Amino acid sequence: MRDVANLRSFFGRFAPELLHTDFGQEIWDLYHRGALHPEVVLTGRFERKLQAVDLGGVMREIDDARLEEAARLLRLQPGR
């Protein structure tokens, strides 16, 4: 997405209409849905869908990562 935005910024200096496109988000959405293939015609338009964040799920993932790291550090201690 960063690279696509950089290309948009660079080429937008010569074709200002490109500055109002969102190819990066469009490409990522198509990829995420399994719909990106060489024949896809990109439009440069993407409508963002806002939805609630599962904050509890995010916090569980963080807690799991902390537990895994603590277990890894215990395994690395000498004599274990």
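**Salt bridges, rings and a nonpolar patch**

Okay, let's start at Trp-28, which counts as partly exposed at 46% relative accessibility; buried here is under 20% relative accessible area, exposed is over 50%, and partly exposed is in between, with a 1.4 Å probe and protein chains only. Before going on, this is a predicted model, where local features need pLDDT of at least 70, side-chain atom pairs count only at pLDDT 80 or more, and totals for chains, interfaces and linings use all residues. Numbering runs from 1 along each chain as its sequence is written, and side-chain values use heavy atoms, with hydrogens and water left out.

Now the aromatics. Rings of Phe, Tyr and Trp (the six-membered ring for Trp) pair if their centres lie within 6.5 Å, and planes under 30 degrees apart are stacked, over 60 edge-to-face, the rest tilted. That rule gives three aromatic pairs. One of them is Phe-10 with Phe-11, edge-to-face, at 5.0 Å centre to centre and 80° between the planes. Phe-10 is partly exposed at 40%, and Phe-11 is partly exposed at 42%. Back to Trp-28: its ring centre sits 5.3 Å from that of Tyr-31, with the planes at 35°, so that pair is tilted. Both residues lie in helix α2, three residues apart, about one turn of the helix; helices are DSSP runs of H or I with at least four residues, strands are E runs of at least two, and numbering goes from the N terminus. Tyr-31 is exposed, at 53%. Ring pairs also link Phe-10, Phe-11 and Phe-14 into a cluster.

Trp-28 and Tyr-31 turn up again in a nonpolar surface patch with Met-1, Leu-36 and Leu-42, about 530 Å² of accessible area together. Areas are Shrake-Rupley with a 1.4 Å probe, and for residues only the protein chains shown count as cover. Patch members need over 30% relative accessible area and no salt bridge; like charges are joined within 9 Å, nonpolar side chains (Val, Leu, Ile, Met, Phe, Trp, Tyr) within 5 Å. Leu-36 lies in the loop between α2 (23-32) and α3.

So what about charges? There are six salt bridges, each a side-chain nitrogen of Lys or Arg within 4 Å of a carboxyl oxygen of Asp or Glu. Among them, Glu-69 and Arg-72 meet at 2.8 Å, N to O, and both lie in helix α3 (residues 55-76). Arg-2 bridges to Asp-3 at 3.1 Å; Arg-2 is exposed at 61%, while Asp-3 is partly exposed at 47%. Arg-60 and Asp-54 pair at 4.0 Å, and both are exposed.
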